[in-house]
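Thanks for coming. Please have the sequence and the structure open.

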Amino acid sequence: MTEKEKMLSGEVYSAIDAELLKELDKTAEALVEYNQISPSDHIGMTKKIKEILGQTGESVIIKQPFRCDYGWNISVGESFFSNF
């Protein structure tokens, strides 16, 4: 069983596993990009956050700065808004 599989099943896992660290780094890079988008660029923000999160509705606004670990495990619905 991989460390990611252990994590997803709620078992004890190694957070420094190479696969998990690679995913954390990928998400961290995407978050740097997201958090640097102009707050008035709603189209750019929406496009980028949809790349980060696992599932969203069409309309999603998450105010910057936004932080998360993996992103793919986060789902939000239609007309979702999150402040700081």
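**Core, cavity, pocket and loops**

The largest nonpolar core has 13 residues, and those touching the most other members are Tyr 34, Ile 49, Ile 52, Leu 53, Ile 62 and Phe 66. Helix H2 (18–36), helix H3 (42–52) and strand E1 (60–62) are the elements that give two or more residues to this core. Before going further, please note that this is a predicted model.

Take Tyr 34 from that list. Which residues does Tyr 34 touch, leaving out those up to four places away in sequence? The set is Met 45, Lys 48, Ile 49, Ile 52, Ile 62, Gln 64 and Phe 66. Keep Met 45, Lys 48 and Gln 64 in mind, as these contacts of Tyr 34 will come up again.

Now the overall layout. The chain has three helices and two strands, and from the N terminus the order is α-α-α-β-β. Along the principal axes, the C-alpha atoms fill a box of roughly 45 × 25 × 20 Å. The chain has 84 residues, of which 30% count as buried. Its accessible surface is about 5,700 Å², with 55% of that belonging to carbon and sulfur atoms. For contacts with a separation of 6 or more, 24% are between residues 24 or more positions apart.

Next, the loop between H2 and H3. Ile 37 is placed in this loop. Is Ile 37 buried or exposed? Its relative accessible area is 17%, and the cut-off for buried is under 20%, so Ile 37 counts as buried. Not counting residues up to four places away in sequence, Ile 37 touches Gly 44, Met 45, Lys 48 and Gln 64. One of these, Lys 48, is 11 residues from Ile 37 along the chain, with 9.0 Å between their C-alpha atoms.

Pro 39 is in the loop between H2 and H3 as well. With residues up to four places away in sequence again left out, Pro 39 touches Met 45 and Gln 64. Met 45 and Gln 64 are also among the contacts of Ile 37 and of Tyr 34. Towards the end of the chain, Phe 84 is 45 residues from Pro 39 in sequence, and the C-alpha to C-alpha distance is 12 Å.

How many cavities of 30 Å³ or more does a search of the whole structure find? The search finds one, and the volume of this largest cavity is about 40 Å³. Its lining consists of Pro 39, His 42, Met 45, Thr 46, Val 60, Ile 61, Ile 62 and Lys 63. H3 and E1 each supply at least two of the lining residues. Sorted by class, five residues of the cavity lining are nonpolar, two are polar and one is charged.

The largest pocket has a volume of about 160 Å³. Glu 23, Lys 26, Thr 27, Ala 30, Lys 48, Glu 51, Ile 52, Tyr 70 and Trp 72 line this pocket. H2 and H3 each give at least two residues to the pocket lining, and the largest share, four residues, is from H2. The classes here are four nonpolar, one polar and four charged. Two residues of this lining, Lys 48 and Ile 52, are also among the contacts of Tyr 34.

Gln 64 is the residue touched by Tyr 34, by Ile 37 and by Pro 39.

Ser 79 is found in the E1 to E2 loop too. Phi of Ser 79 is near 55°, which is a positive value in a residue other than glycine. What is the relative accessible area of Ser 79? It is 55%, and exposed means over 50%, so Ser 79 is exposed.

To recap: the core draws two or more residues from each of H2, H3 and E1, the cavity lining takes at least two from each of H3 and E1, and the pocket lining at least two from each of H2 and H3.

Key
Residues numbered from 1 in each chain as written. Predicted model: local features only at pLDDT ≥ 70, side-chain atom pairs only at ≥ 80, totals over all residues. Heavy atoms only, no water. Core = buried A, V, L, I, M, F, W, Y, C linked by side-chain atoms within 4.5 Å. Buried < 20%, exposed > 50% of the residue type's maximum accessible area, 1.4 Å probe, protein only. Contact = heavy atoms within 4.5 Å. 1 Å grid on protein atoms, 1.4 Å probe; cavity = no way out; pocket = protein on both sides within 12 Å on 5 of 7 lines; lining within 4 Å. Points joined across faces, edges and corners; volume = space filled by probe spheres on them. Nonpolar A, V, L, I, M, F, W, Y, C, P; charged D, E, K, R; others polar. Areas by Shrake-Rupley, 256 points an atom, 1.4 Å probe, with all protein chains shown as cover.
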